[in-house]
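Please keep the sequence and the structure in view while reading.

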Amino acid sequence: MRKFLFTIIAALVLICGCTSGESPAITGEVMEFNAAYPSSTRASGQSFEDGDKIGIYISEYEDGKPVPLKASGNFKNNNPAVFDGRKWACNPVIYWGEGTYDVFAYYPYLLPDIVDEMPFNVATNQDEETSGGMSGYEASDFLHAAAKGVTREDGTVKLSFRHIMSNLTINLIKGEDFSGELPYDVTVMVHNTVTDCYIDLATGDVVKNPRARAKTIVARKTGQMKYSAVIVPQMIEYKVPLVEIACSGVSSMIESISNFRSGTQHIINVTLDKNPDKVKIDIGGEVPGGWD
């Protein structure tokens, strides 16, 4: 009798463990991830760093067909994974099931209520540190990755992250007629861009909020006389002030029509002259893919 009761209790434990809403643990079948940063460098180091956290959504195929990503009810819903400098650790741990899966990941980690039109905004002061320890510049640089149709037999899930925002980099260059050293009290501002947007976490598509008003972004110093800002992809109206370079009480304004494309770095080279009216502006083109 005692043996019979023990068998019933063990069976109930197994049943309860499989109906908690999470996939049952399969011993030795932990789902592991290899996440590649979209650029070889970043503002504070190489690739992903110790302590970085990504969010992972996983949807499971039904009848051999992918199931659209939902805010909840997926195989995994916004499961955090933290990098320890060598590998990614998920908490809770993710175990493989027997099916086929689509994996979606993003950085930095957030707590979204919506997955197809998740609200997001880039920082207006990207040169200051945020409460999370990142600069406003890095916190604004939203990354997205997807691995589709993966199974347990595929082994480690490879996530190739990409920038989905746009980037504007301004290089300050000392002209031949510029006497002395370049000033250090430089502030670079990007005017007339909308900083609010919506992101589809399944596709990585991003659109600006059509009802939001344009704001000014303070760019971050990312190198020697190099300033960068993360910008929501958008078309800037013709003949409006775009970039302002302020130093030693003097400001230079740049007007330009620009189509800030997703995942693209836009470069402006500014050659400074001792006469502020002779500042030379060179639109350096576009670099698709990544930036530092």
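Four strands make up an open sheet in the order S14-S11-S18-S19, and their pairing is antiparallel. Strands are DSSP runs of E with at least two residues, numbered from the N terminus, and two of them pair if DSSP finds at least two bridges between them. At the edges of this sheet lie strand S14 (214–218) and strand S19 (250–255), each of which pairs on one side only. On average, neighbouring strands here are turned by 20° against each other, direction ignored; the axes behind such angles are lines fitted to C-alpha atoms, and angles run from 0 to 180 degrees between N-to-C directions. S11 and S14 run antiparallel and are joined by four bridges. Thr193 has Lys215 in S14 as its bridge partner.

The model is predicted: local features need pLDDT of at least 70, side-chain atom pairs count only at pLDDT 80 or more, and totals for chains, interfaces and linings use all residues. Residues are numbered from 1 along each chain as its sequence is written, and side-chain values use heavy atoms, with hydrogens and water left out.

Another open sheet consists of three strands in the order S6-S12-S13, with antiparallel pairing. Its edge strands, S6 (118–121) and S13 (206–208), each pair on one side only. From one strand to the next, the twist averages 35°. Four bridges connect S6 with the antiparallel strand S12 (residues 196–199). Within S12, Cys197 is the bridge partner of Phe120.

The discussion now turns to the interior. A nonpolar core is a set of buried Ala, Val, Leu, Ile, Met, Phe, Trp, Tyr and Cys residues joined through side-chain atoms within 4.5 Å, where buried means under 20% relative accessible area, exposed over 50% and partly exposed in between (1.4 Å probe, protein chains only). The largest such core has 42 residues, and those with the most contacts inside it include Phe142, Met165 and Ile170. Among the elements that give two or more residues to this core are S6, S12, strand S10 (166–174) and strand S18 (241–247). A second, separate core of 27 residues includes Phe33, Cys90, Val103 and Tyr107.

Ser166 is located in strand S10. Is this residue, Ser166, buried or exposed? Its relative accessibility is 0%, so Ser166 counts as buried. The side chain of Ser166 makes a polar contact of 3.2 Å with the side chain of His266; a polar contact is a pair of N or O atoms within 3.5 Å, of which, within protein, one must be able to donate a hydrogen and the other to accept it, while residues adjacent in sequence count only if both atoms are side-chain atoms. Beyond its neighbours within four places in sequence, Ser166 is in contact (heavy atoms within 4.5 Å) with residues including Ala229, Phe260, His266 and Trp291.

Aromatic rings complete the picture. The structure holds ten aromatic pairs; rings of Phe, Tyr and Trp (its six-membered ring) pair if their centres lie within 6.5 Å, and planes under 30 degrees apart count as stacked, over 60 as edge-to-face and the rest as tilted. Phe48 and Trp88 form an edge-to-face pair, at 5.2 Å centre to centre and 80° between the planes. Phe48 lies in the loop between strand S1 (33–36) and strand S2 (53–60), and Trp88 in strand S4 (residues 88–90), so the pair ties together parts that are 40 residues apart in sequence. Both Phe48 and Trp88 are buried. The ring centres of Phe83 and Trp88 are 4.9 Å apart with planes at 35°, so this pair is tilted. Tyr37, Phe48, Phe83, Trp88, Tyr107 and Phe161 form one aromatic cluster.
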